[in-house]
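Student: I am new to this structure and would like a close look at a single part of it. Please take the salt bridges and what surrounds them.

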Amino acid sequence: MNSTLTWLCGFAAGASAMYFLDPARGRARRARLRDTASSWAGQAETFAEKKARHLGNRAMGLMHETRKAVGAGAT
């Protein structure tokens, strides 16, 4: 089992090296991979910013509701 897994990992590494280091199309493939990774990173950043803003707003609302319930007044 271990030697089969090692062989498959080596095969996959060689195939991906051939794919990305191909003299004819490798540059375009690497550029597409870079652009896709950059896009995913930007989407993840936007998602995190929206979630952080949402949680901050919920916390602020909870704080106001708690102050209202204990009679401290809204500030």
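Tutor: What follows starts with the chain as a whole and then turns to the salt bridges.

The model is predicted. Its protein chain has two helices and zero strands. The radius of gyration is 25 Å, well over the 11 Å that the globule rule gives for 75 residues, so the chain is more spread out than a compact globule. Along the principal axes, the C-alpha atoms fill a box of roughly 70 × 35 × 5 Å. Of the 75 residues, 3% are buried. The accessible surface of the chain is about 6,600 Å², and 64% of that area belongs to carbon and sulfur atoms.

Helix α1 covers residues 2-20, and helix α2 covers residues 26-70. The 45 residues of α2 should span 66 Å at 1.5 Å a residue, and this agrees with its end C-alpha atoms, which are 66 Å apart. After α2 comes Gly71, which has a positive phi, near 80°.

Now to the part you asked about. Side chains of opposite charge can pair when their charged atoms come close. A search of the whole structure gives two salt bridges.

One of them joins Asp22 and Arg29, with 3.5 Å between the closest N and O atoms. Arg29 lies in α2. Its relative accessibility is 19%, and because buried means under 20%, Arg29 counts as buried. Asp22 has a relative accessibility of 24%, so this residue counts as partly exposed. Apart from its neighbours within four places in sequence, Arg29 is in contact with Tyr19, Phe20 and Asp22.

Arg34 is exposed because its relative accessible area is 54%, where exposed means over 50%. Asp35, at 47%, is partly exposed.

Trp7, Leu8 and Phe11 make a nonpolar surface patch of about 380 Å².

Notes
Residues numbered from 1 in each chain as written. Heavy atoms only, no water. Patch = residues over 30% accessible without salt bridge, like charges linked within 9 Å, V, L, I, M, F, W, Y side chains within 5 Å. Areas by Shrake-Rupley, 256 points an atom, 1.4 Å probe, with all protein chains shown as cover. Salt bridge = Lys/Arg side-chain N within 4 Å of Asp/Glu carboxyl O. Helix = DSSP H or I, 4+ residues; strand = E, 2+ residues; numbered from the N terminus. Buried < 20%, exposed > 50% of the residue type's maximum accessible area, 1.4 Å probe, protein only. Contact = heavy atoms within 4.5 Å. Expected span 1.5 Å × (residues − 1). Rg over C-alpha atoms; globule rule 2.2 N^0.38 Å.
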